[in-house]
Amino acid sequence: MTAAPLLETRDLTIKFGGITAADKVSVRIDAGRNLAIIGPNGAGKTTFLNICTGWIKPSSGKVFFEGEDVTPLPPRKIVKRGVARAFQIPQLFTEHTALENLLISASAREGLRNPLRPMHRIAQRDEMMNLLEMVNCADAANRPVVELSEGQRKLIDIAVALALKPRLLLLDEPTSGVASSEKHKVMEILIAALAKAQVTSVFVEHDMGIVSRHADEVAVWNTGKVQLRGTPHEVLAHPDVIHDVIGEEIA
Amino acid sequence: MKRFLATTALCAMLPLSAFAQDKPFELQVGMTTFLTGPASVFGVPAREGMEILVRKLNEDGGINGVPVRVTYIDEGAGAEALTSEFRRVAAEAEVMMASISSGNCQTLAPLAEDLQVPNLMWDCGTQRIFEEADYDYVFRTQANATAEMMATVLYLLETKPDFQTIAVVNQDYAWGRDSWDIFSNALRVLKPDVEIVGEFFPAFGAPDYSAEISRLQALSPDVILSTSWGGDLDTFVQQAFQRGLMNNTTFVLPLAESSLERLGSSLPAGHIVGARGDHYFLHPEQRDDEDFQAFITEFRETTGSIPIYSVFHAAQALEAMKSAYEKAIDENDVEWPTEEQLLAAFEELEFQAFGRPITLREDNQGVEAQLLGTSVQAGEYPFATLEDIRIYDGAQLLPPVGENSLDWIKGLDASYLENIESDSFEN
Amino acid sequence: MSLRETWTEMSASPGLSPRTILTALAVLALVAVPLLAPQLQLLINLALAKGLAVLGVTVILRAGQVSFGHALFFGISAYAGAFLVTAMPGADLVLVLLAGALGAALSGVLVGLFVVRYRGIFFGMLNLAFSMIFWSILEKFYHYTGGADGIRLTRPSVLGQQLGRSEFELVLFYLALALVVGCGWFTLRWLASPAGQLFQTLKTNETRLEYLGLSPRRVLLSGYVLSAVLCGLGGSLMGMTQGVVTPEYVWWVRSAEMVFIAVLGGAGSVRGAFIGALIYEMVRIYASAFAADIWQLLLGVFLLIIILFAPGGIMGIFDRLIGRHRDGGTRA
Amino acid sequence: MNLTIFLLALFDGISYAALIFIVALGLTLIFGVMRILNVAHGSLYAIGAYATASLTAWFLALGFAPILAFPLMIVSAVLVGVLLGGPIEWLLLRRIYNKPEVLQLLVTFAVFMILEDVQRLVWGTQPYFQASALQALGNVTVFGVTYTVYQLILLPVVALVLLLGLRIFLRHTIIGKLILATTEDREAAQSIGIDADKVFLFTFIVGAILAGLGGALASPTTSILPGMGANMIVLSFAVIATAGLGQIEGAAVAALMIGLGRSYAVYLWPEVAVLVPYLIMVLVLLMRPEGLFGSPGTRKI
């Protein structure tokens, strides 16, 4: 007897102009198994995340979250069900500080309405400071996010998503923009935190080192299709992958 | 506030002040007029006229030796600025004159009453103010919409008795609507067989009447009434003239006296022109008068235009004020009247500006004769002048004191026409 | 920027920042106006009424949106009051105010449901279109609305008492002041609260807002209704002060004027809305009194100077004077 | 409603639409290229009308033929564009391209306020009427109703010529292509050596000339008086928002809808004629949020 998968897609198809960004994509993501998505640029990785979160509607196919069809729902309703997302280009509130971004996220999660209580005094403030510490950005808490480095913004973007306490977190190139010396450290913290909070993650990644070390499973995208899926060990050793994906990354 | 303090002080010294009031250094008057906006076609000439007349008055020694100084308030600057300014000026001024717009009169008349400052409604036409409330401080120094429209109906019935159909094109605001209410009700009573074939109320300031004119050409009524004024009237008449609408239809234009010069040759002969009162730069009874001629000449030299009705209305307000002061000084045998004495003098006041004498009724409404004529391109001026001028006595055009205009009109019948008095002049 | 400003304002209390002290002094000075400078009472009353409406526009500005039609709510509320007083002569002042606020809130919801789908120029234009539709209706349906001359809003009674003009104006003045202080305080708190902060994220990132599980439209609607009610309160006060309401209350130039004042005071600043309204009203009235032919020109030049040389508005100048850099607010 | 009336209303609607289209064309061109909604456009329209009336009256007084009114319209429009449009862009707008939208709008609003008073200082408050151009072309009679050739034929022809001319200019001339390139991506255009400042200045002047031309063409048919610009600007806003901002052909369709809507309203339900432009705008935007011809921009994430 198998439990319903956390997220499942069936035959997702969409075209942009002449380019097929998703071609009958059927993917199953089980709770507790972190999935890395790799593939060359333009393979449809981000499009996949966009469809899963309702940002783009597929021309055919369906998305199920915890067994329920969420295809027609807008992103906010899918988020409410427990899917959070971090972006390739950080999507932050640029006039706010790092901490405020997290406080806003917590406010949204809790549905805080009291017009007379300042956001800075909400009960979730400590929790959010901890989150910031976890992503190594505590010292930037009171700085406007526009003043921060790209790497820090990426991490805060992830923290904002984590603040929602999702069950599934979709990460689009979480370590791009983070200094290469820090990448592994950040990823380790992140994966540990996700495990502790029992959040399953799906991450698009270009760094094969990170993929091999942190993913439970790897799926390879190519021209809108899932070309291969397996453990990092199996997939990364596959000659097609070495040729099409890793080769490109090195170039 | 100063006024408030002044009245308090006045009350405290009542036994004394009832006898004497010091002659002020000058008589301050506040006058609202349109310096901006579309109605500045009336407001600006009125200010020019007022300045000429006040200068002359002061050269002749003012009122009992006291010179008059007028502060002008722009009616076009919006309601807040207008009321604030009115109050600021009213705190200093002994007499206020407000205003051109009927809407502004409705705002400022109760305000003047509250502030207890004598206010002369010098140009606005709405008959509602005195019919809806009693005022102690507010007087109207000219006729009102009822008299103006009644005279227009009478002139139309007398000069074009056989018309069968009529359409109206009025500006879409209180004046356009109210004047049509009065006119159409009077017509229904006095000539019940007339058919109203079209009613158009294009927006105030509409730049184009093409669609209305096309439709009017298709309807081809015998008579078209338009109480529009200023740029709207000019545009409508010009467009109608261009497209030949004026060839077969008689236009009745109760305010066209103020557009004669601008319309030039676009107002052909044979259309009915009104003057909102008993005044006209070639007034048949006044044009040989020396003062009248002197004023017309000076006004034309100063401004380059002929004086229009708003100028004459300003003159009437000034003359009414002067007469009231002189009457109060005379009757009480004082150097300068108190406010009470002045208010008493306004009751039943008779004065004369550039038309026939005007009296103020019991309800503070002015009784002024009405002059209408028919346009003619006589060649003496580069614009239409009037012929077949008729002047109607004012009293017969107004409902009795205390009666509502529309009720009065609805109660009239054809016998009303038999008792109408008017004087005719060829031109 | 504006957020940190709000936050420092909040966090600085109950400590006495120069801003808090000055605000308190300003309110005290206003309380004393009817006693010390009665000739200014009416002018300030009008400015406060207008300031409330500007505060409404300011709220919307915080979400990065500009409405060129907020005079709609100003007018709806004033007309609601006028209709009420016409139907029920001697109705109470509180009732007039409530009717106005209710009218503004209802129309705010109705118009809001539609316009919150749009952003930027379209948002501004649609608001403009709605206000112009209402304006045309007011002008057109003369027999109900009095057309361009409007309708009189005769003096309502105050808690059952019929007052004379000067007493009524005194009541109105302090009512306006109380509403300004109350609404100003509430708006500041709301802006600093989670709901207000979420509202202000519309300015910077709606995508993220959607991915926080919230509907940007609904978030915008909440602030839109608040802004409509604020404009409505301003309109009710203005109508009662003037004693007459006309379609000019809704004319597009008045909406633009509100945006003008908001920017003049310091775009997005709550105090700036009122300071801007006071200064604007002074300039406008004195310009129209002493330069009747060119008052509009003077205001235009004034606006250009502010935008080109002091884009932070009067509050920006003020901050510079007391040596506080907005960006350094939280770091300090 | 019979066929005759249908046609009569059609003629009126087209001639009205032609005029508002010409004014809206300048507004939408400026917005399309510069992303600035120019509130002062209405003032430029009014000044174009004033200038034409004054120049025509002056030349007629010197004894020239009334037909001269036509070239004088073009002269006035160009004067408005160069003497007013140029400095507005060069001295004011150029400083605020990087500022928020609201400040850009307010700058043009300030210019509007200033120009409204300047008009009054220069031309006074009395309405002007100068119909020589209209009279020079005479009348035609259709179904017993007399129209002026000027309104029935000339205005629609001019509008059509401008529409086609601008289209050809933008798509088939070098300057036009430079303008389009700058519209699409300002930075990319600059990187290939296009002087965006010059493109903007040029566009604004062309837009201002169109506003002035609208006023010039309107001048023989209407009273020229203070406040005419404030009315026109709201109307042309409605046209370009209905069309989709920056949509030139769309503006023609929207102007037609509004012009015809208004003239049919005069026949069917005159009371709502003034409401028509705004109702059309709201209804269109309700169904198509970006306007008839606007395309929704998707945000990249």
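Tutor: Before we look at any sheet, one definition: two strands count as paired if DSSP finds at least two bridges between them. Keep in mind throughout that this is a predicted model.

Student: Which residue in E8(A) is the bridge partner of Asp172(A)?

Tutor: The partner of Asp172(A) is Val204(A). E8(A) also pairs with strand E3 (residues 35-38) of chain A, again in the parallel sense, over three bridges, and there Ala36(A) has Phe203(A) as its bridge partner.

Student: How many residues of strand E8 (residues 200-204) of chain A are buried?

Tutor: Five of its five residues are buried, and the strand is mostly covered. To see how the two faces compare, start from a general idea: in a regular strand the side chains alternate between the two faces of the sheet. In E8(A), Thr200(A), Val202(A) and Val204(A) lie on one side, Ser201(A) and Phe203(A) lie on the other, and these residues are all buried, which leaves both faces covered.

Student: In which sense, parallel or antiparallel, do the strands of the open sheet E11-E12-E13 of chain B pair?

Tutor: That sheet has three strands in the order E11-E12-E13, and the pairing is antiparallel. Its edge strands are E11 (350-351) and E13 (366-367) of chain B, each of which pairs on one side only.

Student: How should I read the overall dimensions of a chain, and what radius of gyration does chain B have?

Tutor: The idea is to compare the radius with the one that a compact globule of equal length would have. Chain B has a radius of gyration of 22 Å, which agrees with the value near 22 Å for a compact globule of 427 residues. Its C-alpha trace spans about 70 × 45 × 40 Å along the principal axes, and its secondary structure comes to 17 helices and 16 strands. Of its 427 residues, 59% count as buried, and among contacts between residues at least 6 apart in sequence, 71% join residues at least 24 apart.

Student: How many helices and strands has chain C?

Tutor: Chain C has 15 helices and two strands. Its radius of gyration is 19 Å, close to the 20 Å that the globule rule gives for 332 residues, so chain C is as compact as a globular protein of that length. Its C-alpha atoms fill a box of roughly 55 × 45 × 45 Å along the principal axes, and buried residues make up 62% of the chain. Among the contacts in chain C with a separation of 6 or more, 79% come from residues 24 or more positions apart.

Student: Returning to chain B, which domains does the domain assignment give?

Tutor: Domain 1 is 20-143 + 288-360, and domain 2 is 146-275 + 370-425. The C-alpha centres of the two domains lie 28 Å apart. Where they meet, 16 residues of domain 1 are in contact with 17 residues of domain 2. On the domain 1 side, the elements that give two or more residues are helix H3 (40-59), helix H5 (102-115) and helix H14 (309-332) of chain B, and the residues of that side divide into eight nonpolar, seven polar and one charged.

Student: How many residues do chain D and chain C each bring to their contact?

Tutor: Chain D brings 37 residues and chain C brings 36. On the chain D side, helix H4 (101-123), helix H10 (228-243) and helix H12 (276-287) each supply at least two residues, with H4(D) giving the most, namely 16 residues. The chain D side divides into 29 nonpolar, no polar and eight charged residues.

Student: How far apart are the end C-alpha atoms of H4(D)?

Tutor: They are 33 Å apart, which agrees with the 33 Å that its 23 residues should span at 1.5 Å a residue. Of those 23 residues, 18 are buried, so H4(D) is largely enclosed by the rest of the structure. Just after this helix, Gly124(D) takes a positive phi of about 75 degrees.

Methods:
Residues are numbered from 1 along each chain as its sequence is written. Chains are lettered from A and ligands numbered from 1 in the order in which they are written. This is a predicted model: local features need pLDDT of at least 70, side-chain atom pairs count only at pLDDT 80 or more; totals for chains, interfaces and linings use all residues. Domain bounds come from an automatic or database domain assignment. Two residues are in contact if their C-beta atoms, placed from the backbone, lie within 7 Å. Helices (H or I, at least four residues) and strands (E, at least two) are DSSP runs, numbered from the N terminus. Ala, Val, Leu, Ile, Met, Phe, Trp, Tyr, Cys and Pro count as nonpolar, Asp, Glu, Lys and Arg as charged, and the others, Gly among them, as polar. The radius of gyration is taken over C-alpha atoms; the globule rule is 2.2 Å times the number of residues to the power 0.38. A residue is buried if 20 or more other C-beta atoms lie within 10 Å of its own, exposed if 12 or fewer, and partly exposed in between; C-beta atoms are placed from the backbone. The expected span of a helix is 1.5 Å times one less than its number of residues.
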